[in-house]
Amino acid sequence: MTSRAKAAGLDGGPGPAYHAARTENRGHRMARKEQGRIPKRILRGSPARPTFELGGRTYRLEKVLKHDFFAVTARYRDPDGRPVCLKHYHTEPWLGWPLQWAGRLMADREVRHYRLLQDLENVPRLLGRIGSSAFAHAWVEGHDLLDQKDLLPDDFFDRLESLLRAIHDRGMAYVDANKPDNVLVARDGRPVLIDFQISWAPRLGPGPLGRLKRRFLAMFQEADLYHARKLKRLYRPDLLTPEERAASYRRPWFLDLHRLIGAPLRDLRRKFLEWVGAR
């Protein structure tokens, strides 16, 4: 037991700083999770398919995990009870607009991201494509950070940051590290990242366009690390050095710009969904 852990009151369990962070931040994030998983009214897309075939085995639907405008994600099991996760992007039109191409494109992008990361143990194994707009990946036993009840391992966020840096080494930015529900805590205590829908792995080339892509990629990667440090401040503030604590509050300027522009648009979208009864 380190002196820092003792000072935080961790010799007998989670200390006051840990509980204060969870009390302060858990409420609104839990509300977002509960409201965002399965809306009251589905605006677009078919429900999760009851079964699918992969590798000569039939998988049957067990639980729908998320259904939004773009995709439906669910847990399935094979005849031996082994679980997998299936994500199916919607291809149905909306308001008369044909969107089959969009479902295929988003599936292609996310599958490409998984394939780039298959040598990383903290990314689920890609199991295969199902049709033109769906894919399955291995199920990870555990829970996400929003459901975390016990104190996380001391090295959890160091491992999470190492995972993000490994993703960056492959020319990718995760982009979605601000969402605690995208960070899983596996049964053995290691961090696992899921949902690479909006990740970015640009094909870099020479010239002005290549330089512009590299600049944006570096910005997104900087945001990944900032969000990882912010999560550490929320869940294990007792482990932060003074330098890490200061860094966790230094939000990159482009995130401030996104908050200025994106937050009103997000609120407008939420109000629209409430108006049509979709949340």
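Guide: Start with contact range. This is a predicted model. Of the contacts in the chain with a separation of 6 or more, 62% join residues 24 or more positions apart. The chain holds seven helices and nine strands.

Visitor: What share of the 279 residues is buried?

Guide: Buried residues make up 45%. The accessible surface is about 15200 Å², and carbon and sulfur atoms own 56% of that.

Visitor: How do I read a covered strand?

Guide: Check both faces. In β4 (residues 83-89), seven of seven residues are buried. Pro-83, Cys-85, Lys-87 and Tyr-89 point one way, while Val-84, Leu-86 and His-88 point the other.

Visitor: Which strands pair with β4?

Guide: β3 (residues 71-77) pairs with β4 in the antiparallel sense over seven bridges. Ala-71 has Tyr-89 as its bridge partner. The two strands form a hairpin with five residues between them, and Gly-81 in the turn has a positive phi of about 85°. β6 (residues 134-138) is also antiparallel to β4, over five bridges. There, Val-84 stands opposite Ala-138.

Visitor: And the cores?

Guide: In soluble globular proteins, nonpolar side chains tend to be buried together. Here the largest nonpolar core has 41 residues; Leu-145, Ile-167, Leu-193, Phe-196 and Tyr-235 touch the most other members. Two or more residues come from each of α3, α4, β8, β9 and α5. α4 gives the most, seven.

Visitor: What does Leu-145 touch, beyond residues up to four places away in sequence?

Guide: Leu-145 touches Leu-152, Phe-156, Pro-180, Val-183, Val-185, Leu-231 and Tyr-235.

Notes. Residues numbered from 1 in each chain as written. Predicted model: local features only at pLDDT ≥ 70, side-chain atom pairs only at ≥ 80, totals over all residues. Heavy atoms only, no water. Core = buried A, V, L, I, M, F, W, Y, C linked by side-chain atoms within 4.5 Å. Buried < 20%, exposed > 50% of the residue type's maximum accessible area, 1.4 Å probe, protein only. Helix = DSSP H or I, 4+ residues; strand = E, 2+ residues; numbered from the N terminus. Contact = heavy atoms within 4.5 Å. Areas by Shrake-Rupley, 256 points an atom, 1.4 Å probe, with all protein chains shown as cover. Pairing = 2+ DSSP bridges.
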